[in-house]
Amino acid sequence: MDSASPSYKGHRYPVGAISPCVRRSFRFPLSFREVGELMLQRGVIVSCETVRRWCATFGQVYAAGLRRRRPRPGDTWHLDEVFVRIDGELRYRWRAVDADGTVLDILVQNRRDKAAARRFFRCLLQTTRAVPRVPVTDKLRSYGAAHREVMPFVEHRQSKYLNNRAENSHQPTRQRERARKGFRSVGAAHRFLSAFSGVSPHFRPRRHLMTASGHRAEMTVRFAIWEQVTGAANLPTTA
């Protein structure tokens, strides 16, 4: 196994059992118990708590490996924020995607004022290590005030009609949030969203722009990349 592959030392189950569980947990709106039932069909007996620990341990590792293989983000960034209840309290999930729908960064904060928008802009620049040609947001005033401080020489477009791409990108996260019955803490939300935004989009190519054969070919490539990232591609084959 190469040095870039995650270490499975100390785990009783091999990567051939861990990797499918993590992929299904982040790709489909399934509970940990449902993932365990799917693995039982393959003859692998694993508890829902084990699946949860695998997702917590390897989810962000796999997501980081997939992000390293992504091309540079586009120069048009769409930013948006939605409310989310964490342990019964109202929080705001800030999200940025490029023109292709690739998730650039996610940040959960208590407010959506100027300070929160400024922090999100700075985290976004640090994460991507790039400056957009134009960020697109809705008409929340916090965006404009923060933009003038952080990126004053970059064009900023504000319109509730131009930002549908960012708003639609929240839908898969909302589905998964309902399946998990919400988040219990801000830290848990950060960890899940960080892994989810790296793993789930990898298996969601822009299907509406592809033919059936093109989609199958693209998914074959993406499954091969997944095996490289998880280390499953390095497993010895039997004759």
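Tutor: Happy to. In this predicted model, α7 passes α8 in a right-handed crossing. On the α7 side the contact is formed by P172, T173 and R176, and on the α8 side by F192, L193 and F196. Sorted by class, this contact of α7 with α8 holds four nonpolar residues, one polar and one charged. As for the geometry, α7 covers residues 171-179 and α8 covers residues 186-199; their axes come within 11 Å and cross at roughly 130°. Angles from 65 to 115 degrees count as roughly perpendicular and those over 145 as roughly antiparallel, so α7 and α8 are oblique to each other.

Now stay with α8 and turn to its packing with α3. Helix α3 spans residues 48-68, and its axis lies 8 Å from that of α8, at an angle of about 40°. Angles under 35 degrees would count as roughly parallel, and α3 and α8 are therefore oblique to each other. Here the crossing of α3 past α8 is left-handed. From α3 the contact involves G59, Q60, Y62, A63, L66 and R67, while α8 brings R191, S194, A195, S197, G198 and V199. The class tally for α3 with α8 is five nonpolar, five polar and two charged residues.

Y62 gives us a link to the next stop, T230. Setting aside neighbours within four places in sequence, T230 is in contact with Y62, and also with P6, Y8, V15 and S19. T230 sits in helix α9, which runs over residues 212-230. With a relative accessible area of 0%, T230 is buried, because buried means under 20%. The T230 side chain also reaches the backbone oxygen of E227 at 3.4 Å.

Helix α9 holds another residue worth a look, R222. Its relative accessible area is 18%, so R222 still counts as buried. The side chain of R222 reaches the backbone oxygen of H202 at 2.7 Å. Not counting residues up to four places away in sequence, R222 touches P201, H202, F203, R204 and P205.

A further arginine to visit is R91, in strand β2, residues 89-98. R91 counts as buried at 15% relative accessibility. Its side chain makes a polar contact with the side chain of E89, at 2.8 Å. Beyond neighbours within four places in sequence, R91 is in contact with V82, F83, V84, I86, V108, Q109, N110 and V186. Of these, V108 is 17 residues from R91 in sequence, and the C-alpha atoms of R91 and V108 are 6.9 Å apart.

Let me finish with backbone angles. Most residues other than glycine have a negative phi. D87 has a phi near 55°, a positive value in a residue other than glycine. D87 lies in the loop between β1 (76-86) and β2, and at 62% relative accessibility D87 counts as exposed. R129 also has a positive phi, near 55°, and is likewise not a glycine. You will find R129 in the loop between α4 (114-128) and β4 (134-137). At 75% relative accessibility, R129 counts as exposed.

Key
Residues are numbered from 1 along each chain as its sequence is written. This is a predicted model: local features need pLDDT of at least 70, side-chain atom pairs count only at pLDDT 80 or more; totals for chains, interfaces and linings use all residues. Side-chain values use heavy atoms; hydrogens and water are left out. Axes are lines fitted to C-alpha atoms, for helices over the stretch in contact, and angles run from 0 to 180 degrees between N-to-C directions. Helices (H or I, at least four residues) and strands (E, at least two) are DSSP runs, numbered from the N terminus. A crossing is left-handed if the near helix is turned anticlockwise from the far one by less than a right angle, and right-handed if clockwise. Contact means heavy atoms within 4.5 Å. Ala, Val, Leu, Ile, Met, Phe, Trp, Tyr, Cys and Pro count as nonpolar, Asp, Glu, Lys and Arg as charged, and the others, Gly among them, as polar. Buried means under 20% relative accessible area, exposed over 50%, partly exposed in between (1.4 Å probe, protein chains only). A polar contact is a pair of N or O atoms within 3.5 Å; within protein, one must be able to donate a hydrogen and the other to accept it, and residues adjacent in sequence count only if both atoms are side-chain atoms.
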